[in-house]
Amino acid sequence: MFVHCVYFWLSGEDRENRIGEMSADCQSLLTKIATVRHLWSGTPAMTQRDVVDNTYDVGLCVVFDDKAGYDVYASHPLHMQFVEKHRSAWQRIQVYDFEA
């Protein structure tokens, strides 16, 4: 399996509205890509431990069968639509990919 985790820090006056909209678009757009096996998105759980980073606004975790499935996703028009729609609100993004 190939696991793709993305953390987004947003900026701008409409930041609060964009958090909900972005998380909803993860579900409505990205889950339609055929190679996506599982997808979760949401906001920090605010876990109170020194090793936990709760500073991001939206987290996204997507699971694929393999790297080839991720490659399809990365260039898919729905993924590109998501990026183009939300990119202007991103102050920072951090990506962690791993194989399981």
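This tour goes through the charged pairs and then the nonpolar core.

Before you click, note that this is a predicted model, where local features need pLDDT of at least 70, side-chain atom pairs count only at pLDDT 80 or more, and totals for chains, interfaces and linings use all residues. Residues are numbered from 1 along each chain as its sequence is written, and side-chain values use heavy atoms, with hydrogens and water left out.

**Stop 1: salt bridges**

Side chains of opposite charge can pair when their charged atoms come close. The rule here is a side-chain nitrogen of Lys or Arg within 4 Å of a carboxyl oxygen of Asp or Glu, and the count comes to eight salt bridges.

Select Lys85 and Glu21: their closest N and O atoms are 3.2 Å apart in a salt bridge. Lys85 sits in helix α3 (residues 77-86) and Glu21 in helix α1 (residues 15-30), so the pair ties together parts 64 residues apart in sequence. (Helices are DSSP runs of H or I, at least four residues; strands are runs of E, at least two; both are numbered from the N terminus.) How exposed are they? Lys85 is partly exposed at 38% relative accessible area, and Glu21 is partly exposed at 32%. For those labels, buried means under 20% relative accessible area, exposed over 50%, and partly exposed in between, using a 1.4 Å probe and protein chains only.

Next, pick Arg37 and Asp65, a salt bridge with the closest N and O atoms 3.0 Å apart. This pair links distant parts of the chain, 28 residues apart: Arg37 is in the loop between α1 and β2 (38-42), Asp65 in the loop between β3 (58-64) and α2 (67-75). Arg37 is partly exposed at 42%, as is Asp65 at 44%.

Now try Arg87 with Glu84, which meet at 2.9 Å, N to O. Arg87 is partly exposed at 46%, while Glu84 is exposed at 54%. Then select Arg15, Glu16 and Asp57, which are linked in a network of salt bridges.

**Stop 2: the nonpolar core**

A nonpolar core is a set of buried Ala, Val, Leu, Ile, Met, Phe, Trp, Tyr and Cys residues joined through side-chain atoms within 4.5 Å. The largest one has 23 residues; select Phe8, Leu10, Leu30, Leu60, Tyr73 and Phe82, which have the most contacts inside it. Elements giving two or more residues are β1 (2-10), α1, β3, α2 and α3, with α1 giving the most, five residues.

Finish on Phe82. Which residues does Phe82 touch, not counting those up to four places away in sequence? Look for Phe8, Met22, Asp25, Cys26, Leu29, Leu30 and Trp90, where contact means heavy atoms within 4.5 Å.
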